[in-house]
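User: I would like to go through the side-chain contacts of this model with you. Could we start with the charged residues?

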Amino acid sequence: MSTKNNKTHARYYILFMITLVLTLATGDRATLSVAGPEMQKELGISAVEIGYLFSAFSWAYVISMTPAGWVADKIGSKRAMFLGILLWSVMTVLMGLVSYITFVVPALLILRFLLGVCESPVGPSAGRIIAAWFPSQERGVAGAIFNSAQYASLAIFTPLMAWLCHAFGWDHVFIVMGVIGIVIAFCWSKFFHVPTKHPGINNEEMEYLKEGGALVELDTVPSIKDERKRAGLQEIAQLFKSRMLIGIFIGQYCISAITWFFMTWFPIYLVKERGMSILQAGFMASVPAICGLVGGILSGFFSDWLLRKTNNLSLARKVPITIGLTMSASMILCNYVGSEALVMFLMSAAFFGKGFGSLGWAVVADTAPKEIIGTTGGLFNSLGNIAGIVTPVVIGYILQETNSFANALVFVGTHGIIAVCSYWFIVGKIERLKIAPREGATALQKREV
């Protein structure tokens, strides 16, 4: 009985920390969307060039994500996350100084690429942390709260960045955000701990985590036995043989396409298509983000409630995904309304739905092979963020050809419907994938796997 009544809640502080890190990461990758209009005026950057600058981050993010997951599996989440936060914050500060050099666009391309490389440990490390710190019955809420950081970021940092841009100039957006990140990096190094080493966890909470399937030993120093089970090409190949994971990857790509629209072109849409000032757009963009935050948190509670009621993990994850991502397609209706208030209502509904349907990290924690959770999470995030390469550039070309966002909204909104179809017709039953032993493994190794 004591395990239920007297346990500590150290896991909630850890959840706050990883959510804060993702909030910062999302803010830093969105700096260009806020500073972009002023940079275009001052530095003569075209819409297509802005599209490629948005895309450069995702090229690096996609390329680096799976290696970052391997690094997280190898050195642990604490060190991987610290190095990532510190280095990407330095890259952000440097972007605020590009006006002092001659080749502005090439420099920004390089820095945006490096930003993507340095942010890549966040997802895989967080996936490992959620798996280690949360039992199965709490992962829906934990994953949803973590994922909601992207909406909290847009709600918190977009107005701040818009004010900085308006009051001091676009360069201050990058410099201030970078300095905030450097401070958070050292706070992470001091206050983050794995379950077995956390000073604030008691035996009751530890037993509660173990009984619920939390992988509490995940981020401890690996033994020789564990090293034999690290991800290799054979293990990664098995991930691609899983129809369930393929469907999850497709769904994440579609969800990411919607995310990247809001993180890149949405403030510019409000300025160019709806005639708002950059200051107005910064504050108005926070309204849908707040709705996304609410939807993201509610989905976790709803999913875990549904799991307790039905004892059906597949249903508990798929129902919120279906409701939310169907709602996200409502952004297409903005093409048929003229009222600013109606546009914000529809965008808010779309962002709420996107948040409500974003249970991807909870699904990864539920399904990834326990030996390679970081690598699986990295692959999941990497493939999903290919949308970050494609979506900004496609929208840039649509704008160049049509001088309108109408087709862009159709392009983005349709992704929600595709994601729903993937979860119902491809994924099948949601359960943890078991990795088959390598050829030539001993009987002991096969039992360990």
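User: Glutamate 119 and arginine 29: buried or exposed?
Analyst: Both glutamate 119 and arginine 29 are buried, where buried means under 20% relative accessible area, exposed over 50% and partly exposed in between (1.4 Å probe, protein chains only). Please note that this is a predicted model, in which local features need pLDDT of at least 70, side-chain atom pairs count only at pLDDT 80 or more, and totals for chains, interfaces and linings use all residues. Residues are numbered from 1 along each chain as its sequence is written, and side-chain values use heavy atoms, with hydrogens and water left out.

User: What do the side chains of glutamate 119 and arginine 29 form where they meet?
Analyst: They form a salt bridge, at 2.8 Å from N to O; the term requires a side-chain nitrogen of Lys or Arg within 4 Å of a carboxyl oxygen of Asp or Glu. This pair links distant parts of the chain, as glutamate 119 is in helix α6 and arginine 29 in helix α2, 90 residues apart. Helices here are DSSP runs (H or I, at least four residues), numbered from the N terminus.

User: How many salt bridges are there in the whole structure?
Analyst: The search finds seven. In one of them, arginine 11 meets glutamate 138 at 2.9 Å, N to O. That pair also links distant parts of the chain: arginine 11 belongs to helix α2 (residues 10–29), and glutamate 138 to the loop between α7 (122–133) and α8 (139–147), 127 residues apart. Arginine 11 and glutamate 138 are both buried, and a network of salt bridges links Arg11, Glu138 and Glu205.

User: And lysine 429, which residue does it bridge to?
Analyst: Lysine 429 forms a salt bridge with glutamate 431, with the closest N and O atoms 3.7 Å apart. Lysine 429 counts as exposed at 58% relative accessibility, whereas glutamate 431 is partly exposed at 39%.

User: Which ring does arginine 11 lie over?
Analyst: Arginine 11 lies over the face of tyrosine 12, at 4.5 Å from the ring centre. The criterion is NZ of Lys or CZ of Arg within 6 Å of the ring centre and within 35 degrees of the ring normal. Lysine 7 lies over the face of tyrosine 208, at 4.4 Å from the ring centre.

User: Moving to ring pairs, how many aromatic pairs are there?
Analyst: The structure holds 18, counting rings of Phe, Tyr and Trp (its six-membered ring) whose centres lie within 6.5 Å; planes under 30 degrees apart count as stacked, over 60 as edge-to-face and the rest as tilted. Phenylalanine 262 and phenylalanine 351 form a stacked pair, 4.0 Å centre to centre with 10° between the planes. Phenylalanine 262 lies in helix α14 (residues 243–272) and phenylalanine 351 in helix α18 (residues 340–356), so the pair ties together parts that are 89 residues apart in sequence. Both of these phenylalanines are buried.

User: Which residues do ring pairs link into a cluster?
Analyst: The cluster consists of Phe54, Phe261, Phe262, Trp265, Phe266, Tyr269, Phe351 and Phe405.

User: How many disulfides are there?
Analyst: There are zero disulfides, a disulfide being a pair of cysteine sulfur atoms within 2.5 Å.

Terms used: Helices (H or I, at least four residues) and strands (E, at least two) are DSSP runs, numbered from the N terminus.
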